[in-house]
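Let's take a friendly walk through a protein chain, from its overall build down to single residues. Have the viewer open and turn the model as you read.

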Amino acid sequence: MDARLVGYWSESEVHPGSTEYTELGFRPDGTGWQYWSSWSTAFVVHRFTWEGTASRLLIRLGMILDGTWSLAGERTDHRIERREHLDTELTLSCTLAPGPRLRLARPLDEMLGGTEFLAVPGGGTDPTLA
């Protein structure tokens with residue numbers, strides 16, 4: 001595994017002010033997630049395992065969760081309305097450029113995913129684990 005991929009990556013850093021965005025998390029243990037969220041209060045999380053380098057990723061999607069989010073003061077709550085187990089393997093070409101900036105050749109999910117992300121120091125967590 002390429003340790004430079006480990007961390008939290010956000011599309012919102014590339015497109016500030018967008019009404020929807022995608023974020024990726026790559027943990028050093030080979031697990032991760034993709035979080036898609038919209039101002040409409042909809043969200044989707046794909047949980048996966050991963051391995052790869054800065055030029056090629058092997059992703060195995062294991063679960064998809066979706067629902068709605070709401071604000072509770074300064075905290076964002078996520079209400080899971082659907083949970084589905086998956087067993088889908090994807091191989092993605094990618095590049096890691098200075099910034100650092102991660103570019104995927106295609107999104108993890110054609111309908112919901114981004115392809116260009118900036119690293120977010122300190123990162124975040126899968127919001128559906130809380």
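Two strands are said to pair if DSSP finds at least two bridges between them. With that in mind, look at Gly 7, which stands opposite Phe 26 in strand 2. Keep in mind too that this is a predicted model.

**The whole chain**

What kinds of elements does the protein chain contain, and how many of each? There are eight strands and zero helices. Read along the sequence, the pattern is therefore simply β-β-β-β-β-β-β-β.

The overall dimensions come next. Along its principal axes, the C-alpha trace spans about 40 × 30 × 25 Å. A compact globule of 130 residues would have a radius of gyration near 14 Å, and the protein chain agrees, because its own value is 14 Å.

Of the 130 residues, 39% count as buried. The chain exposes about 7000 Å², and carbon and sulfur atoms supply 52% of that area. Among contacts with a separation of 6 or more, 45% are made by residues 24 or more positions apart. As for charge, the chain carries 12 positive and 18 negative side chains, and the centres of these two sets lie 3 Å apart.

**How the strands pair**

The table lists pairings and the number of bridges in each.

| Strands | Direction | Bridges |
|---|---|---|
| Strand 1 and strand 2 | antiparallel | four bridges |
| Strand 2 and strand 3 | antiparallel | seven bridges |
| Strand 1 and strand 8 | antiparallel | two bridges |
| Strand 7 and strand 8 | antiparallel | three bridges |

Strand 1 covers residues 7-10, and strand 8 covers residues 116-119.

One of its residues, Leu 24, has Gln 34 in strand 3 as its bridge partner. Strand 2 and strand 3 form a hairpin with four residues between the strands, and there Gly 30 takes a positive phi near 90°.

**Backbone details in the loops**

Most residues other than glycine have a negative phi, and most peptide bonds are trans. Two places in this chain go the other way.

Thr 41 is not a glycine, yet its phi is positive, near 80°. You will find Thr 41 in the loop between strand 3 (31-38) and strand 4 (42-52). Its relative accessible area is 29%, so Thr 41 is partly exposed.

Which peptide bond is cis, with omega near -20°? It is the one from Gly 99 to Pro 100. Pro 100 sits in the loop between strand 6 (75-97) and strand 7 (101-104).

Start with Ile 64, which is found in strand 5 (residues 56-72). Why does Ile 64 count as buried? Buried means under 20% relative accessible area, and Ile 64 counts as buried because its relative accessibility is 10%. Leaving aside neighbours within four places in sequence, Ile 64 is in contact with Val 44, Val 45, His 46, Arg 82, Arg 83, Glu 84 and Leu 86. Leu 96, in contrast, is 32 residues away in sequence and 26 Å away in space, C-alpha to C-alpha.

Leu 58 also lies in strand 5. With a relative accessible area of 27%, Leu 58 is partly exposed. Not counting residues up to four places away in sequence, Leu 58 touches Thr 49, Trp 50, Glu 51, Glu 89, Leu 90 and Thr 91. Phe 48 is 10 residues from Leu 58 along the chain, and their C-alpha atoms are separated by 10.0 Å.

Finally, visit Ser 12, in the loop between strand 1 and strand 2. Ser 12 is partly exposed, with a relative accessible area of 23%. Beyond its neighbours within four places in sequence, Ser 12 is in contact with Tyr 21, Thr 22 and Glu 23. The C-alpha atoms of Ser 12 and Glu 23 are separated by 7.8 Å, with the two residues 11 apart along the chain.

Key
Residues numbered from 1 in each chain as written. Predicted model: local features only at pLDDT ≥ 70, side-chain atom pairs only at ≥ 80, totals over all residues. Heavy atoms only, no water. Rg over C-alpha atoms; globule rule 2.2 N^0.38 Å. Buried < 20%, exposed > 50% of the residue type's maximum accessible area, 1.4 Å probe, protein only. Contact = heavy atoms within 4.5 Å. Areas by Shrake-Rupley, 256 points an atom, 1.4 Å probe, with all protein chains shown as cover. Lys, Arg positive; Asp, Glu negative; His and termini not counted. Charge placed at Lys NZ, Arg CZ, Asp CG, Glu CD.
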